[in-house]
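Please have the sequence and the model open while reading.

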Amino acid sequence: MSDTRDRVLEAALDCLVRNGYGGTTARAIAQAGGFAPGVIYYHFADLDDLLVAALARTSGSRIDRYRAELSGMDRAVPVVARLRELYDEDTETGHIAAVQELYAGARPGTRLADRLALETRRWEELAEELLTVLLRGKPLASVVRVRVLAGAAVAFYLGMETLTHLDGDRSRPATLFDQGIRLAAIFDRVPRLKRRARRVR
């Protein structure tokens, strides 16, 4: 990836955070990045093409970060604690604000909407991986549909930011994570079922 193309992607994400989806025009992106608007169209077919690429960039980067930090963790308390730190990163870097703007502005049937659906599914797959490890051997595993729970977790993540954005209550995520830690401690105290050894006939 060229340095200039990289600058354009970063400027688009920054513009989404600062100006919202409606204010993320080619002129505004160029102003944010310090380059001429024509630079955008040298690297991207149109504004939608740029926004799709910016979404793929930020989402892919964060998925890799989450997977690297959480892969193989089988205790709920440290998982929730790490998720809290990662969520704070998402907030500080502007990732979640940018993504929220894209969700709000995407129209059904567009390339952006299609890409959002794809990235949402990738996040759900990551959640499935994590939940599968956490539930392994737990009595709850037999009654929980992991894929459904993973979808709910991603929806909760997005919804929490939406509500926080609407009323400006930045204490909401902290309160929810505090509650999550308490529930995780109870979950961790539930013993895992031991597999019965197969009888040799």
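## A pair within helix α1

R18 and D14 form a salt bridge (a side-chain nitrogen of Lys or Arg within 4 Å of a carboxyl oxygen of Asp or Glu), and their closest N and O atoms lie 2.9 Å apart. The two residues are 4 residues apart in helix α1, so about one helical turn separates them; helices here are DSSP runs of H or I with at least four residues, numbered from the N terminus, whereas strands are runs of E with at least two.

R18 counts as exposed, at 65% relative accessibility, while D14 is partly exposed at 30%. Buried means under 20% relative accessible area, exposed means over 50%, and partly exposed lies in between (1.4 Å probe, protein chains only).

## Basis of the values

This is a predicted model, in which local features need pLDDT of at least 70 and side-chain atom pairs count only at pLDDT 80 or more, although totals for chains, interfaces and linings use all residues. Residues are numbered from 1 along each chain as its sequence is written, and side-chain values use heavy atoms, with hydrogens and water left out.

## Other pairs and a network

In helix α7 (residues 111–135), E119 and R115 are 4 residues apart, about one turn of the helix, and their side chains meet in a salt bridge at 2.7 Å, N to O. E119 is buried, with a relative accessible area of 2%, whereas R115 is partly exposed at 25%.

E10 also forms a salt bridge with R57, with 2.6 Å between the closest N and O atoms. This pair links distant parts of the chain, 47 residues apart, with E10 in helix α1 (residues 3–19) and R57 in helix α4 (residues 47–70).

A network of salt bridges links R62, R65, E69, R82, E85, E89 and D90, and the count by this rule comes to 19 salt bridges.
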